[in-house]
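Student: Please show me the model, and then we can go through some of its local packing.

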Amino acid sequence: QTCALPILLVPVLVMAAGQLAGGLAWLAISGEDAPDLVATAPIPESWVIQAKIEAVTGSVAVVFAPFVLAMALASPRDAIVSAIGIATAAISAIMIQLWFRTQARRKHFRRRQTSSRIATFAEVDCVMRDVGGFRMGPFELMELTGLDVTQPASVLIYNQFFQEQRYRPSLIMQSRYEAGVLGRKTKKGFYNYDTSGKDLKAIVPPEKPAPAARPESVWVSKAEPEGSNKLVELLGKLGVTVEQGAQPSSKALILVTPIGEDATTAATSQGLDPKRVVAVDTLFPIVKRRTIMTTPLTDPAMRDAAHGLLASDGVPVTVCRDSPGFIAQRIIAMIVNIGCSIAQNRTASPADIDKAVTLGLNYPNGPFKFADVLGVKNIHRILDTMNKTYADPRYRPNIWLTRRAKLGVSVLTEET
């Protein structure tokens, strides 16, 4: 019993120290409102960095010293462990900011972690409209219906299916619902709204113009033959001669066409240089919009070269961060999986489910038609890869889908 409190307290202190140091380090090192002015100071840059580090570590020490001193009175050993853990967490957080420093303004402090997003709400909506063929993107639809309708309905379905993880409500929806950020009806949701005119209009950030950069040469992986052929054909129309060697040259932009995998997995499994790898989604038509994905190590010059090249015929390109299944692949695969779950439960026939979805939700295709068009094995592969990558049962392929993927038949096939 006497040891229970330190066991609980030490990890909390270490975690809190890391969080505090990370936030302060971002403000001191990355969140500089006038970096050019600071750079004009008549002292070496190393002195400026040192002063910022001392300010962060000093602040952390002032906050946590009383806790460590109080703990030392009861258990000097636990106090030493706490001090070492706090110092390690603080130094690690500071070093991360130094290694991956990206200049930003301090007013953006609360958005400093948005880099972990795969894509923005607007980008997801654009991809699902232009690539998936939907009339509205998922966030646009929730803005229209309102989270005060969508969130309670999601919770109700989740509970009525005894917390089946495929139906688990999103934390993003829950947090926004609890904050009262409901959509058009509250004039703020996934989008902000222009209220100056008579009509309420969503403020959609304009797409950035495509870079003018072009790669010196291009090499396309043949690991996915169908996707590779489609991409090579497109590059030919763009006037690019693709390298034919078994391995890319030392300066070539490396393009991969994974199905279900993220760019990192595609690069490492094929033994490719992740700094030059850019993934292209070729599972869907690449006529109205193209989606590319980078690894965490992809050189920005290579990313911009791929973006500029693939947008050179005027077709917009969406750049997303590393994610199994890009954007459209994973969303469509989830829709198919839910449809298969309903069919497996014998709630309705596959044909009736497709009819209900196309007529009731105005989807371009029902879940089963989507699966047959994109390939049942492809859909199963996307879900299986996401399930293994995230270890989250939300992405577990339904047995209806799994059996038909193994048999190589349509998901519309019912049992005899």
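This is a predicted model: local features need pLDDT of at least 70, side-chain atom pairs count only at pLDDT 80 or more; totals for chains, interfaces and linings use all residues.

Tutor: Residues are numbered from 1 along each chain as its sequence is written, and side-chain values use heavy atoms, with hydrogens and water left out.

Student: How are helix 15 and helix 16 oriented to each other?

Tutor: Helix 15 (residues 376-390) and helix 16 (residues 399-407) pack with axes 9 Å apart, at an angle of about 130°. Angles under 35 degrees count as roughly parallel, over 145 as roughly antiparallel, 65 to 115 as roughly perpendicular and the rest as oblique. Helix 15 and helix 16 are therefore oblique.

Student: Is Thr 282 buried or exposed?

Tutor: Thr 282 sits in the loop between strand 6 (277-280) and strand 7 (290-294). Buried means under 20% relative accessible area, exposed over 50%, and partly exposed in between (1.4 Å probe, protein chains only). At a relative accessible area of 7%, Thr 282 is buried.

Student: Where do the buried residues of helix 6 lie, seen down its axis?

Tutor: In helix 6 (residues 138-145), the buried residues are Phe 139, Met 142 and Glu 143. Seen down the axis of helix 6, these buried residues fall within an arc of 105°, so they line one face of the helix.

Student: Which residue just after helix 6 takes a positive phi?

Tutor: The phi there is about 90°. The residue is Gly 146.

Methods
Axes are lines fitted to C-alpha atoms, for helices over the stretch in contact, and angles run from 0 to 180 degrees between N-to-C directions. Helices (H or I, at least four residues) and strands (E, at least two) are DSSP runs, numbered from the N terminus. The arc is that of the directions from the helix axis to the C-beta atoms.
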